[in-house]
Amino acid sequence: GELPTSTGEQGRRPDKPVFVSVKSDLTLAIGEDMIPRDSLSAALDTATKGNREERIFVRADRAVSYGDVMEVMNTLRSAGYLKIGLVGLESRDQPK
C-alpha cells in the first residue's frame, strides 16, 4: 500500500498556528512576513500547505478599527478559510 506522506498523525494541533497580523497602518503579515493584501489568500495557502480546515488566528493592532478587522476576516472567508480565531481584541478596552 501507499505510505502516507505526512509524518504526524491526522488531527493533531499544528506546531505553529497561522497568525495573520493587521498592523496599525493596515498592512498585513503572516507570522513575521509582510504580505500584500492582494496576495493574502495565496500566502495563506502556502502557510497552511493548502489546508483550508486549519484555524487562522487574526491579531489586530489596537489602532485598527473593528471594521478593518472584519474586512480582513471577510478576505479570509472568501479565500476559503472559515475557521478564524480573533486574538487580543478582548483586552482592547481594558486600562493597562
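Arg59 sits over the face of Phe19, at 4.2 Å from the ring centre. A charge counts as sitting over a ring when NZ of Lys or CZ of Arg is within 6 Å of the ring centre and within 35 degrees of the ring normal. This is a predicted model, in which local features need pLDDT of at least 70, side-chain atom pairs count only at pLDDT 80 or more, and totals for chains, interfaces and linings use all residues. Residues are numbered from 1 along each chain as its sequence is written, and side-chain values use heavy atoms, with hydrogens and water left out.

**Around Phe19**

Phe19 also has a ring partner. The structure holds one aromatic pair, and its members are Phe19 and Phe57, tilted at 35° between the planes and 5.4 Å centre to centre. Phe19 belongs to strand β1 (residues 18-22) and Phe57 to strand β4 (residues 56-60), so the pair ties together parts that are 38 residues apart in sequence. As for the rule, rings of Phe, Tyr and Trp (its six-membered ring) pair if their centres lie within 6.5 Å; planes under 30 degrees apart count as stacked, over 60 as edge-to-face and the rest as tilted.

How open is Phe19? Its relative accessibility is 22%, and that counts as partly exposed. Buried means under 20% relative accessible area, exposed means over 50%, and partly exposed is in between (1.4 Å probe, protein chains only).

**The chain as a whole**

Stepping back, the protein chain has two helices and five strands, and reading along the sequence gives the pattern β-β-β-α-β-α-β. Helices (H or I, at least four residues) and strands (E, at least two) are DSSP runs, numbered from the N terminus.

The protein chain has 96 residues, and 29% of them count as buried. It exposes about 6700 Å², with carbon and sulfur atoms supplying 51% of that; the areas come from the Shrake-Rupley method with a 1.4 Å probe, and for residues only the protein chains shown count as cover. Among contacts (heavy atoms within 4.5 Å) with a separation of 6 or more, 65% come from residues 24 or more positions apart.

**Salt bridges**

A salt bridge here is a side-chain nitrogen of Lys or Arg within 4 Å of a carboxyl oxygen of Asp or Glu. By that rule the count comes to three.

| Salt bridge | Closest N and O atoms |
|---|---|
| Glu71 and Arg37 | 3.7 Å |
| Arg52 and Asp45 | 2.9 Å |
| Glu53 and Lys83 | 3.3 Å |

Take Glu71 and Arg37, which form a salt bridge. This pair links distant parts of the chain, 34 residues apart: Glu71 is in helix α2 (residues 66-78), while Arg37 is in the loop between β3 (33-35) and α1 (40-47). Glu71 is partly exposed at a relative accessible area of 44%, and Arg37 is partly exposed too, at 33% relative accessibility.

Then there's the salt bridge between Glu53 and Lys83. Glu53 is in the loop between α1 and β4 and Lys83 in the loop between α2 and β5 (84-87), so the pair ties together parts that are 30 residues apart in sequence. Glu53 is exposed, with a relative accessible area of 53%, whereas Lys83 counts as partly exposed at 36% relative accessibility.

That leaves Arg52 and Asp45, also joined by a salt bridge. Arg52 counts as partly exposed at 37% relative accessibility, and Asp45 counts as partly exposed at 23%.

Now look at the loop between α1 and β4, where you'll find Thr48. Is Thr48 buried or exposed? At 3% relative accessibility, Thr48 counts as buried. Its side chain makes a polar contact of 2.9 Å with the side chain of Tyr81. A polar contact is a pair of N or O atoms within 3.5 Å; within protein, one must be able to donate a hydrogen and the other to accept it, and residues adjacent in sequence count only if both atoms are side-chain atoms. Leaving aside neighbours within four places in sequence, Thr48 is in contact with Val18, Glu54, Ile56 and Tyr81.

Lys49 lies in the loop between α1 and β4, and Lys49 is exposed, with a relative accessible area of 77%. Its phi is near 55°, a positive value in a residue other than glycine. Most residues other than glycine have a negative phi.

**Leu26**

Leu26 has a positive phi as well, about 70°, although it is not a glycine. Leu26 is found in the loop between β1 and β2 (28-30) and is partly exposed, with a relative accessible area of 30%.
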